Amino acid sequence: MNSKKLTNLILGAMVLGVMVGYLVNLYGAGSTFPSVCDLISILADVFLRLIKMIIAPLVFATLVVGIAKMGDASTIGRVGLKTFAWFISMSFVSLLLGLVMVNILQPGIGVELTLPEVAASTGLNKAGLNLSEFVRHIFPISIFDAMAKNEILQIVVFAVFFGVGAAGMGERADEFIRNLDMLSHIMLKITTAVMKLAPVAVFSAVSSVIAENGISILITYGKFMLSFYAAIATLWVVIILISSLVLKNRTWRLVKMLREPALLAFTTASSEAAYPMTLERVERFGCKNKIASFVLPVGYSFNLDGSMMYCTFAAIFIAQVYGVQMELSQQLLMLLVLMITSKGIAGVPRASLVVIAATLSQFNLPEAGVLLIFGVDHFLDMARSATNVLGNGLATAVISKWEGELES
């Protein structure tokens with residue numbers, strides 16, 4: 001299935017999903033309504049499970065092969081330093097831009113919604129959102145446990161150790177590395193087959209969300225959602241412009257190639273769903289496997305540009321809704337706090353909401369304010385996921401260019 005046909009099918013499935021979801025929400029009645037939503041969502045769940053089934057072996061195999069091909073530890077350290085320098089810089093840009101846009105657009109001013117009680121529970125688990133727990137979380141107790149839970153960050157850590165060890169074995173490890181390389185190609189072959197289900201999964205995901213929440217919720221939160229999408233569009237422009245300083249006129253070609261994985265992430269509200277396709281596209285663009293297989297999986301833990309922007313945007317939105325005036329110094333302090341706490345969200349369910357809830361309490365804002373955006377979080381997550389794919393794809397190309405490993 002060519003990329004243009006896949007794009008058209010996904011867009012068609014999304015439109016059809018909205019229509020069917022609206023009809024189910026409009027005419028669904030009684031106790032059967034929840035079960036109808038559950039039945040509709042099954043296909044999306046199956047698709048995401050199939051994608052997650054692929055990710056662990058694919059990340060492990062490609063990363064080990066890439067590191068083994070890099071050779072010495074100094075090369076690995078140099079690539080890692082450049083990668084994290086880019087990730088930290090882009091995280092700061094995303095957080096700052098979110099802060100600027102929410103103050104310009106002011107989506108929370110004049111919002112007349114019933115606010116939750118200050119003592120209301122958000123239902124989010126923030127227990128693991130601290131430095132000590134994050135450091136412990138980085139290192140896996142068992143690689144099999146990490147793979148079973150799809151803990152990408154832990155898989156990356158083990159793969160780095162394994163790859164360095166394999167590189168140190170020299171020619172004795174060549175056969176094993178070739179077998180791992182074959183494993184990665186098998187996983188990509190499976191991905192091609194699974195991707196044929198993408199339009200069906202998109203229809204299922206979109207229709208079930210609309211069926212459960214109704215289109216009316218989009219109208220109620222219209223100003224907030226439109227403001228956030230405007231901020232995301234601005235972030236796309238900024239990311240592309242900054243990347244073009246390194247990639248020059250090739251930037252737009254890569255953006256075009258990332259269109260399908262970004263669209264898939266958008267319609268399924270899952271960056272993971274687009275990981276295999278993103279890896280295939282950046283390699284087709286010219287990024288060497290040894291760089292792409294390192295930067296991309298690490299980026300899925302440390303370079304979530306869309307999620308970063310959402311943290312500052314949503315936090316200040318909640319303050320605006322409550323009528324709390326925050327001085328510029330307080331907002332900048334919040335940005336710095338989010339810069340640190342957001343790096344501990346890998347593997348945390350509803351990660352952005354968890355970070356926001358944990359940050360609100362530090363600035364005397366009710367954590368329960370997060371409940372205001374629960375209903376539309378899925379629609380906002382769609383934009384966040386697509387942005388994360390774009391940011392990581394461009395980051396991979398930039399690091400490849402810096403290393404002189406980008407083919408023309």
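**Rings and core: a walk-through**

Author: Let's open with a charge over a ring: arginine 384 lies over the face of tyrosine 310, at 4.1 Å from the ring centre. This is a predicted model, where local features need pLDDT of at least 70, side-chain atom pairs count only at pLDDT 80 or more, and totals for chains, interfaces and linings use all residues. Residues are numbered from 1 along each chain as its sequence is written, and side-chain values use heavy atoms, with hydrogens and water left out.

Reader: What puts a charge over a ring?

Author: NZ of Lys or CZ of Arg has to be within 6 Å of the ring centre and within 35 degrees of the ring normal. Here arginine 250 also lies over a face, that of phenylalanine 285, at 4.4 Å from the ring centre.

Reader: And how do I read ring pairs? How many aromatic pairs are there?

Author: Rings of Phe, Tyr and Trp (its six-membered ring) pair if their centres lie within 6.5 Å; planes under 30 degrees apart are stacked, over 60 edge-to-face, and the rest tilted. That rule gives 14 aromatic pairs. Take phenylalanine 162 and phenylalanine 176: their centres are 5.8 Å apart and their planes at 40 degrees, so the pair is tilted. Phenylalanine 162 sits in helix α6 (residues 152–168) and phenylalanine 176 in helix α7 (residues 174–194), 14 residues apart. Helices here are DSSP runs (H or I, at least four residues), numbered from the N terminus.

Reader: Why is phenylalanine 162 called partly exposed?

Author: Buried means under 20% relative accessible area, exposed over 50%, and partly exposed in between (1.4 Å probe, protein chains only). Phenylalanine 162 is at 30%, so it counts as partly exposed, and phenylalanine 176 gets that label at 41%. Now try tyrosine 229 and phenylalanine 266: with centres 6.4 Å apart and planes at 85 degrees, the pair is edge-to-face.

Reader: Which residues do ring pairs link into a cluster?

Author: Phe224, Phe228, Tyr229, Phe266, Tyr310, Phe313 and Phe317. Tyr310 is back, and its contacts (heavy atoms within 4.5 Å) beyond four places in sequence include Phe224, Phe228 and Arg384.

Reader: What about the nonpolar core?

Author: Nonpolar side chains tend to be buried together in soluble globular proteins. A core is a set of buried Ala, Val, Leu, Ile, Met, Phe, Trp, Tyr and Cys residues joined through side-chain atoms within 4.5 Å. The largest one has 131 residues, and Phe47, Phe224 and Tyr310 have the most contacts inside it. Its largest share, 16 residues, comes from helix α2 (residues 32–70).

Definitions and conventions:
Helix = DSSP H or I, 4+ residues; strand = E, 2+ residues; numbered from the N terminus.
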